[in-house]
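Here is a model to go through by question and answer. Each label gets checked against the cut-off behind it.

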Amino acid sequence: MSAGRWAAGGGAVVVLVATGAWARWPGGTDVDADLWSRVRPAVEARLLEQARGTGVGEPGARWFCRAEAVDLDERGGLVRAGVSTLCVEYGVRAGSLEECSGAEVPQVMRLRREADGDYVVVSAETAPDGAGHAEWVTARFGHVTAAALDATMSSTALESAARSHFGLPADAPVGPC
């Protein structure tokens, strides 16, 4: 085999490996940070609305949610936000933070800009559980972006917000509900 073929084959492998690493790297997609900072409050408020009343936690338990933009597109006054979402219900017992319920779910939200400049969610699609999940994600995000959704979101920021909300010390342990 000639050296040229080896070089071409090696180059192809390098491109494939680099593409795979980019696709799996959190934040590997190019998201408009300014637009995301403007729509994120509406997205996370909608997540809290969706989560309310669905938990199994203790009386006084509360939901905490966050979203990470995977893809973001603005056209004709509408924003399509493909997001990875994490909502966790926390409660408190005997000075410990308890994780009662939670889920990480990819969603597609569409938002409209209101006259006051704020955004409002006009529709939200959630990936189904079980059969059909992978197909739904691939159909809405594509193969490369769907790979970025494989990474698990950290709940550290939610735990910190929950500790603060419940007046617990920053090092209060987290256990099951």
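Q: Where does Arg38 sit?
A: This is a predicted model. In it, Arg38 lies in helix H2, which covers residues 33-51.

Q: Why is Arg38 called partly exposed?
A: Its relative accessibility is 30%. Buried means under 20% and exposed means over 50%. The value for Arg38 falls in between, so the label is partly exposed.

Q: What makes the Arg38 and Asp34 pair a polar contact?
A: Their side chains are joined at 3.2 Å. The cut-off for such a pair of N or O atoms is 3.5 Å. The distance is within that limit, so the pair counts as a polar contact.

Q: Which residues does Arg38 touch beyond four places in sequence?
A: Arg113 and Tyr119. Touching here means heavy atoms within 4.5 Å.

Q: How far is Arg38 from Gly117, in sequence and in space?
A: The two are 79 residues apart in sequence. From C-alpha to C-alpha they are 9.0 Å apart.

Q: Which residues touch the most other members of the largest nonpolar core?
A: Trp36, Val39, Val43, Leu72, Val79, Leu111 and Tyr119 do, in a core of 19 residues. H2, strand S1 (62-75), strand S2 (78-93), strand S3 (96-113) and strand S4 (119-126) each give two or more residues to this core. The largest share, 7 residues, comes from H2. As a general point, nonpolar side chains in soluble globular proteins tend to be buried together.

Q: What does Leu72 touch, leaving out residues up to four places away in sequence?
A: Its contacts are Val31, Asp32, Leu35, Trp36, Val39, Val79, Arg80 and Ala81.

Q: Which residues are included in the second, separate core?
A: Among them are Val88, Leu97, Ala162 and Leu168. This core has 10 residues.

Q: How do you know that S2 and S3 pair?
A: Pairing needs at least two bridges. S2 and S3 are joined by 16, so they pair, and they run antiparallel. Val83 stands opposite Gln107 in S3. The two strands form a hairpin with 2 residues between them. Ala94, in that turn, has a positive phi of about 50 degrees.

Q: What makes S3 and S4 a pair, and in which sense do they run?
A: They share 7 bridges. At least two are needed, so the strands count as paired, in the antiparallel sense. Thr126 in S4 is the bridge partner of Gln107. S3 and S4 also form a hairpin, with 5 residues between them. Gly117 lies in the turn and has a positive phi of about 95 degrees.

Q: In which sense do S3 and strand S5 pair?
A: Parallel, over 3 bridges. S5 covers residues 174-176. Glu99 stands opposite Pro176 in S5.

Q: Why is the contact between Arg66 and Glu68 called a salt bridge?
A: The N to O distance between their side chains is 2.6 Å. The limit is 4 Å, so the pair qualifies. Arg66 is buried, because its relative accessible area of 15% is under 20%. Glu68 is at 32%, so it counts as partly exposed.

Q: What makes Arg80 and Asp71 a salt bridge?
A: Their side chains meet at 2.8 Å, N to O. That is within 4 Å, so the label holds. Asp71 has a relative accessible area of 18%, so it is buried.

Q: How do you know that Glu125 and Arg110 form a salt bridge?
A: The N to O distance is 3.6 Å. The cut-off is 4 Å, so the pair passes. Glu125 lies in S4 and Arg110 in S3, so the pair ties together parts that are 15 residues apart in sequence. Glu125 is partly exposed at 28%. Arg110 is partly exposed at 31%. Arg110, Glu125 and Arg140 are linked in a network of salt bridges. The whole structure has 9 salt bridges.

Q: Where is confidence lowest, and where is it highest?
A: Helix H1 (residues 3-24) is lowest, with a mean pLDDT of 38. Helix H4 (residues 156-166) is highest, at 95. Over residues 1-28, pLDDT stays under 50. The model has 9 contacts beyond four places in sequence for that stretch. The chain mean is 80, and 75% of the residues reach 70 or more.

How values were computed. Residues numbered from 1 in each chain as written. Heavy atoms only, no water. Helix = DSSP H or I, 4+ residues; strand = E, 2+ residues; numbered from the N terminus. Buried < 20%, exposed > 50% of the residue type's maximum accessible area, 1.4 Å probe, protein only. Polar contact = N/O pair within 3.5 Å; in protein donor to acceptor, adjacent residues only side chain to side chain. Core = buried A, V, L, I, M, F, W, Y, C linked by side-chain atoms within 4.5 Å. pLDDT = per-residue confidence, 0-100.
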